[in-house]
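Work through the two exercises below with the model open. Each task is followed by a stepwise solution.

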Amino acid sequence: MSDLKKMYSTLQEDPFPAEMTLRLGDQELHYTKRTWTIDGQEKGLRYGENPDQPAALYQLDKGSLTLGGVTFRGPGAGLVSSLEEKHMIQAGKHPGKTNFTDVDNALNILQYLDAKPAALIMKHNNPSGAAWSSDGVATALERAFWCDRIAAFGGAVIVNRPLDKKAAELISSCYFEVVAAPDFEEGVVEMLKSRKNLRILQIPGISRLPELARMPFIDLKSLQDGGIIMQHSFRNRILSADDFLPATAEKDGVTVNARKPSPQEADDLLFAWAVEAGVTSNSVIFARNGATVSIGTGEQDRVGCVELAVHKAYTKYADTLAFREQGCSLYELKQKAAGDSAAAEALEDIEARTRADRGGLPGTAMVSDGFFPFRDGVDAAIAHGVAAIAQPGGSIRDHEVIMACNEAAPQVAMVFTGQRSFKH
């Protein structure tokens, strides 16, 4: 093994204490460090964000906290932090921080998607694809995978229903690092264990997610100088399509109103807004028929985020055509096209169809985690066929944004969420 590769297998000694107490005034929360007996050895987290960062996971086991009349989650509500050896059905290269935080952020999203079987593929703490479907978890997982086949490589699969054999077949045919589910149907675990390094986690608490969604927790952010910012966790106010607010605004005595979404558009906006809760800001999401089409993450400006998501949609659409028709990725096809006329012709045809189909964006619903400060972001989405939009509202230019929807042909629907969904 080369010296460079050794960095990923050389584990740092865990210097963290076995217990931790957080005192807020006269209230205390007590935490215990989690370790597991794996392959006959006691092990904690494999490492932190990077291999040279020691890390530890703590579980809240005693105490309670009420602030400003709000009671926070207490002991007994653990999910990832409550995992025991029996839940690590296969430890693989036992989990590190990023594996657990990917699963945790998936649960953050799934708490709002309990109405249907849902599947998420997480990568670098953002979903690469998400879907829900009344046809079952396997259908949801397949649709989440094809949202972004490339980014799914090496990701974490998390579902909110028992994992069945059809879903396991897809997982076994690709490279994933983690799979987590509330349970596994008979024979599924044996199928998954063919991937020796796959971490297979059972999280029974997934069944409690709808209940926990209404219970906040203390969200801590460490600063570079050692300081700490403390906040209430985000709580989604849009739990049904009826919770959306009409998009209306007034300017100089003139009131403008947006078209109300159709039932399918409203369902897609509800789904996408749930997924938005786990996407790094500044972000927008395009979705259609209960699946993400493109996810734009972490941009500094709103219109730039829309443009990024549009670019990703076009790229992933072309890659899907290339993979299904030519048996290779879009990038491999481009490489072949440089010296092969047949490949060049196939590439030209795929790119032409992608442009004609506008990257699969026509008819999609789009959500934005923040309001649109200008109409340019909405115009950029409308240019590629978006049919309905949900956004917080509250901009001084809401009337211009609504007018952009009303001027579109066909007219684009818009609703307000009445809350921002930033995640940094």
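**Exercise 1: a helix pair**

Describe how the axes of helix α3 (residues 137-147) and helix α4 (residues 165-173) are placed.

Solution. Step 1: the two axes come within 8 Å and cross at roughly 25° (axes are lines fitted to C-alpha atoms, for helices over the stretch in contact, with angles from 0 to 180 degrees between N-to-C directions; helices are DSSP runs of H or I, at least four residues, and strands are E runs, at least two, numbered from the N terminus). This is a predicted model, in which local features need pLDDT of at least 70 and side-chain atom pairs count only at pLDDT 80 or more, while totals for chains, interfaces and linings use all residues. Residues are numbered from 1 along each chain as its sequence is written, and side-chain values use heavy atoms, without hydrogens and water.

Step 2: α3 and α4 are therefore roughly parallel (angles under 35 degrees).

Step 3: in α3, A138, L141, E142 and F145 meet K166, A167, L170 and I171 of α4 (heavy atoms within 4.5 Å). This contact has six nonpolar, two charged and no polar residues (nonpolar: Ala, Val, Leu, Ile, Met, Phe, Trp, Tyr, Cys, Pro; charged: Asp, Glu, Lys, Arg; polar: the others, Gly among them).

**Exercise 2: a lining**

Which elements each supply at least two residues of the lining of the second largest pocket?

Solution. Step 1: these are α3, β20 (291-296) and α8 (302-326).

Step 2: α8 gives the largest share, five residues.

Step 3: by class, the lining has six nonpolar, five polar and five charged residues.

Terms used. Parallel < 35°, antiparallel > 145°, perpendicular 65-115°, else oblique.
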